[in-house]
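Let's take a walk through this protein together. Have a look at the chain below, and then we'll go from its surface to its strands and charged side chains.

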Amino acid sequence: MKSFLLPGMLISAVLIAGCASTGNSATSASPAQAAASATNTDATITQKVKDSLQGDPDTAGQKYNVDTAQGKVTLKGEVKSVAAYRKAPVVAKAVPGVVAVDNQLVVCLTCK
């Protein structure tokens with residue numbers, strides 16, 4: 001009987017400890033908090049991409065529409081040069097938090 005008592009107690013203690021560690025903690029985010037955090041992060045990424053594009057000599061002065069969803073940046077708009085078209089996704093990808101860039105820019109050589 002004693003040989004079954006000790007292993008049984010050990011298994012019970014491990015199971016109880018495991019169950020206690022799976023409870024909700026104050027540091028875990030709710031789905032609403034996670035969505036708000038993702039939105040805030042995406043908004044921050046969008047602003048940093050816009051700032052970076054305006055700060056680069058090859059891409060400055062262009063009109064960009066920058067959208068970010070879950071770290072994926074979409075660039076839309078018209079640019080005045082092939083150099084800006086090629087450089088914009090490189091500049092955007094260098095921003096921390098950007099996981100991918102969808103370059104939908106159009107080169108418009110006749111645009112003012």
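Accessible areas here come from the Shrake-Rupley method with a 1.4 Å probe, and for residues only the protein chains shown count as cover. Keep in mind that this is a predicted model, where local features need pLDDT of at least 70, side-chain atom pairs count only at pLDDT 80 or more, and totals for chains, interfaces and linings use all residues. Residues are numbered from 1 along each chain as its sequence is written, and side-chain values use heavy atoms, leaving out hydrogens and water.

**The overall layout**

You'll find three helices and three strands in the protein, in the order α-α-β-β-α-β from the N terminus on. Helices (H or I, at least four residues) and strands (E, at least two) are DSSP runs, numbered from the N terminus. Of the 112 residues, 22% count as buried; buried means under 20% relative accessible area, exposed over 50%, and partly exposed in between.

Now for the strands. β2 (residues 72–79) and β3 run parallel, joined by eight bridges; strands pair if DSSP finds at least two bridges between them. To get from β2 to β3, the chain passes through helix α3 (residues 82–93), making a right-handed β-α-β crossover. Right-handed means that, with the strands pointing away from you, the path from the first strand over the helix to the second runs clockwise.

Which residues share one salt-bridge network? A salt bridge puts a side-chain nitrogen of Lys or Arg within 4 Å of a carboxyl oxygen of Asp or Glu, and the whole structure has two:

| Pair | N to O distance |
|---|---|
| K87 and D56 | 3.1 Å |
| K87 and D58 | 3.4 Å |

K87 sits in helix α3, while D58 is in the loop between α2 and β1, 29 residues apart. D56 is buried because its relative accessibility is 12%, whereas K87 at 25% counts as partly exposed.

**A nonpolar patch**

V82, Y85, V107 and L109 make a nonpolar surface patch of about 340 Å². Patch residues have over 30% relative accessible area and no salt bridge, with like charges joined within 9 Å and nonpolar side chains (Val, Leu, Ile, Met, Phe, Trp, Tyr) within 5 Å. L109 lies in the segment after β3 (100–107) and is exposed, at 68% relative accessible area.

Technical notes: Buried < 20%, exposed > 50% of the residue type's maximum accessible area, 1.4 Å probe, protein only.
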